[in-house]
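Please open the structure in your viewer and keep the selection tool at hand. The tour below goes stop by stop, saying what to select next and what is there.

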Amino acid sequence: QVQLVESGGGLVQPGGSLRLSCVASGIIFSRSAMDWYRQAPGKERELVARISSTGTKVYAESVKGRFTIFRDNAKSTMYLQMNSLKPEDTAVYYCHQMGYRAWGQGTQVTVSS
């Protein structure tokens, strides 16, 4: 059974930082490309960042230079380091694995003063 569990969300002031984690089970994590998506109220879910099994990274234009995706295969965990956060980054952030069509439950990130 595939399971993705996110953590690390919260309330942060503009300009602050958060690190999200996604722990995967039930998949061969080291061979799996992994994604972070987000969904803001009233908006469609959008891809934030993707990391391939070999470590190649892709970012949405809106987060380039501020967010970093990385992984620890030994821990079957993916991370999203978010710096210089803006109010428009407020959303529920989801972990996703395309091949297994798996989604986590999401973690809320709120950027507000």
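Begin by selecting Ser-7 together with Ser-21, which is the bridge partner of Ser-7 in S3. Before going further, note that this is a predicted model, in which local features need pLDDT of at least 70 and side-chain atom pairs count only at pLDDT 80 or more, while totals for chains, interfaces and linings use all residues. Residues are numbered from 1 along each chain as its sequence is written, and side-chain values use heavy atoms, with hydrogens and water left out.

Now widen the selection to strand S1 (residues 3–7) and strand S3 (residues 18–25), which run antiparallel and are joined by five bridges. Strands here are DSSP runs (E, at least two residues), as helices are (H or I, at least four), and they are numbered from the N terminus; two strands pair if DSSP finds at least two bridges between them. Another pair to pick out is Glu-6 with Cys-22, its bridge partner in S3.

## Second stop: the disulfide

Select Cys-22 again, this time with Cys-95: a disulfide joins them, with 2.0 Å from S to S. It links distant parts of the chain, since Cys-22 is in strand S3 and Cys-95 is in strand S9 (residues 91–97), 73 residues apart. How many disulfides are there when the rule is a pair of cysteine sulfur atoms within 2.5 Å? By this rule the count comes to one disulfide. The torsion about the S-S bond of Cys-22 and Cys-95 is about -65 degrees, so the disulfide is left-handed. Both Cys-22 and Cys-95 are buried, where buried means under 20% relative accessible area, exposed means over 50%, and partly exposed lies in between (1.4 Å probe, protein chains only).

Select strand S4 (residues 34–39) and strand S5 (residues 46–51), which pair in the antiparallel sense over five bridges. Within this pair, Trp-36 stands opposite Ala-49 in S5. The hairpin of S4 and S5 has six residues between the strands, and Gly-42 in this hairpin takes a positive phi near 75 degrees.

Then follow S5 onward to strand S6 (residues 57–59), to which S5 is joined by three bridges, the two strands running antiparallel. Here Arg-50 stands opposite Val-58 in S6. In the hairpin of S5 and S6, with five residues between the strands, Gly-55 takes a positive phi near 100 degrees.

Leaving aside neighbours within four places in sequence, Arg-71 is in contact (heavy atoms within 4.5 Å) with residues including Phe-29, Met-34, Ile-51 and Met-78. Arg-71 and Ile-51 are 20 residues apart in sequence, and 7.9 Å apart in space from C-alpha to C-alpha.

Move on to Gly-9, which lies in the loop between S1 and strand S2 (10–12) and counts as partly exposed at 33% relative accessibility. Not counting residues up to four places away in sequence, Gly-9 touches Leu-18, Leu-20, Thr-107, Gln-108 and Val-109.

## Last stop: the whole chain

Finally, select the whole chain, whose secondary structure comes to zero helices and 11 strands. Along its principal axes the C-alpha trace spans about 40 × 25 × 20 Å. Buried residues make up 42% of the 113 residues. Among contacts between residues at least 6 apart in sequence, 53% join residues at least 24 apart.

How values were computed:
A disulfide is a pair of cysteine sulfur atoms within 2.5 Å.
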